[in-house]
Amino acid sequence: MDGSSEIAVTKLRKSVQKLGSSTEEHGDPTLMRFLIARSMDPDKAAKMFVQWQKWRAAFVPSGFVPDSQVQDELGARKVYLQGLSKEGYPVMIIKASKHLPSKDQLQFKKFVVHLLDKTIASSFKGSEIGNEKLIAVLDLKQIAYKNIDARGLITGFQFLQSYYPERLAKCFLLDMPWFFVSVWRMVSHFLERATLEKIVIVSNENEMREFIGEIGEAALPEEYGGQAELVALQDVVLTPVERRFFDVISFSCTMCLGLLPRWRGKGVDGERVTKIYSLFVRTTHR
């Protein structure tokens with residue numbers, strides 16, 4: 001980081017403290033994402049950071065969303081997690097033709113968190129740095145009116161903007177049909193300028209070649225001009241380091257919380273165990 005960025009990060013940390021929170025568990029790369037999202041304004045970035053901390057603690061108290069909580073969404077097999085792009089970003093592909101508007105909005109929101117967390121974690125090399133990004137590909141080929149879900153799109157982008165600042169490297173929209181244009185215009189009104197600048201609508205052969213060239217054939221499935229196979233999100237097995245956010249924490253949660261009734265009978269302070277577990281989650285999943 002340059003001198004001005006270091007000063008901004010220092011001011012952000014102080015501003016977060018004034019708001020009654022802490023940045024001790026987070027490195028400079030993480031804090032820089034919030035600063036960039038708020039035009040390098042430390043006070044605004046601090047407010048956004050604290051809001052993210054409160055949301056994460058309330059909505060994802062265990063640190064991650066397990067497959068078991070989003071089975072209906074996973075069952076559609078509509079999201080695919082490929083390898084890394086030429087720039088080293090994980091590539092997530094969403095087939096809109098397999099999506100139906102959810103009747104359970106809470107589960108859908110948890111699914112958004114699940115897929116974003118897992119996609120980001122798939123790019124970790126040893127441990128999280130804090131500035132990892134992802135590439136999203138929204139495939140609109142063969143969609144029908146029943147697949148249109150403006151509310152779902154807005155939810156996904158709002159989560160990215162509010163709770164995953166600067167995680168989106170680029171979003172490609174493929175094969176947009178004429179009847180979806182008006183839907184996209186409406187959705188666009190809810191997106192910040194910085195988000196809109198990262199969205200590319202691929203509508204002709206030249207743009208498709210640029211799309212393939214930017215991501216790389218190694219990460220793209222054959223049907224998109226690449227050499228890879230489609231891999232459903234739930235079929236992706238993370239490495240031991242990456243999987244700690246899903247397997248280790250899940251096991252710890254089951255063991256600690258499941259044994260609390262028995263421990264209480266032996267004089268163990270259950271509230272203290274819960275607090276220690278929560279601290280463990282926060283320090284292993286930023």
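Colleague: In what sense do strand 2 and strand 3 pair?

Modeller: Strand 2 pairs with strand 3 (residues 134-139) in the parallel sense, over five bridges. Two strands pair if DSSP finds at least two bridges between them; strands (E, at least two residues) and helices (H or I, at least four) are DSSP runs, numbered from the N terminus.

Colleague: Where does this model come from?

Modeller: It is a predicted model, so local features need pLDDT of at least 70 and side-chain atom pairs count only at pLDDT 80 or more, while totals for chains, interfaces and linings use all residues. Residues are numbered from 1 along each chain as its sequence is written, and side-chain values use heavy atoms, with hydrogens and water left out.

Colleague: Back to strand 3, which residue there is the bridge partner of M92?

Modeller: A136 is the bridge partner of M92. Strand 2, helix 5 (residues 105-121) and strand 3 also make a right-handed β-α-β unit. Right-handed means that, with the strands pointing away from the viewer, the path from the first strand over the helix to the second runs clockwise.

Colleague: And how does strand 1 pair with strand 2?

Modeller: Strand 1 (residues 79-84) and strand 2 are antiparallel, with four bridges. Y80 stands opposite I93 in strand 2, and L84 has P90 as its bridge partner. Five residues lie between the two strands of this hairpin, where G88 takes a positive phi near 90°.

Colleague: Is strand 2 largely enclosed or open, and why?

Modeller: Strand 2 (residues 90-95) has five of its six residues buried, so it is largely enclosed by the rest of the structure. Buried means under 20% relative accessible area, exposed over 50%, and partly exposed in between (1.4 Å probe, protein chains only).

Colleague: What is the strand order in the sheet?

Modeller: The order is 1-2-3-4-5 in an open sheet of five strands, and the pairing is mixed. Strand 1 and strand 5 stand at the edges with a single partner strand each, so one side of each has no neighbour in the sheet.

Colleague: New topic: which residues of helix 7 are buried?

Modeller: In helix 7 (residues 181-188), these are V183, W184, V187 and S188. They cover an arc of only 135° around the axis, which puts them on the same side of helix 7. The arc is taken from the directions from the helix axis to the C-beta atoms.

Colleague: What do they pack against?

Modeller: The buried residues of helix 7 pack against helix 6 (150-163), strand 4 (168-174), helix 8 (193-196) and strand 5 (199-202). Contact means heavy atoms within 4.5 Å.

Colleague: How many aromatic pairs are there?

Modeller: The count comes to 13 aromatic pairs. Rings of Phe, Tyr and Trp (its six-membered ring) pair if their centres lie within 6.5 Å; planes under 30 degrees apart count as stacked, over 60 as edge-to-face and the rest as tilted. The rings of F34 and W52 have centres 5.5 Å apart and planes at 50°, so the pair is tilted. F34 lies in helix 2 (residues 28-37) and W52 in helix 3 (residues 42-59), so the pair ties together parts 18 residues apart in sequence.

Colleague: Are F34 and W52 buried or exposed?

Modeller: F34 and W52 are both buried.

Colleague: Which residues do ring pairs link into a cluster?

Modeller: The cluster consists of W55, F59, F159, Y163 and Y164.
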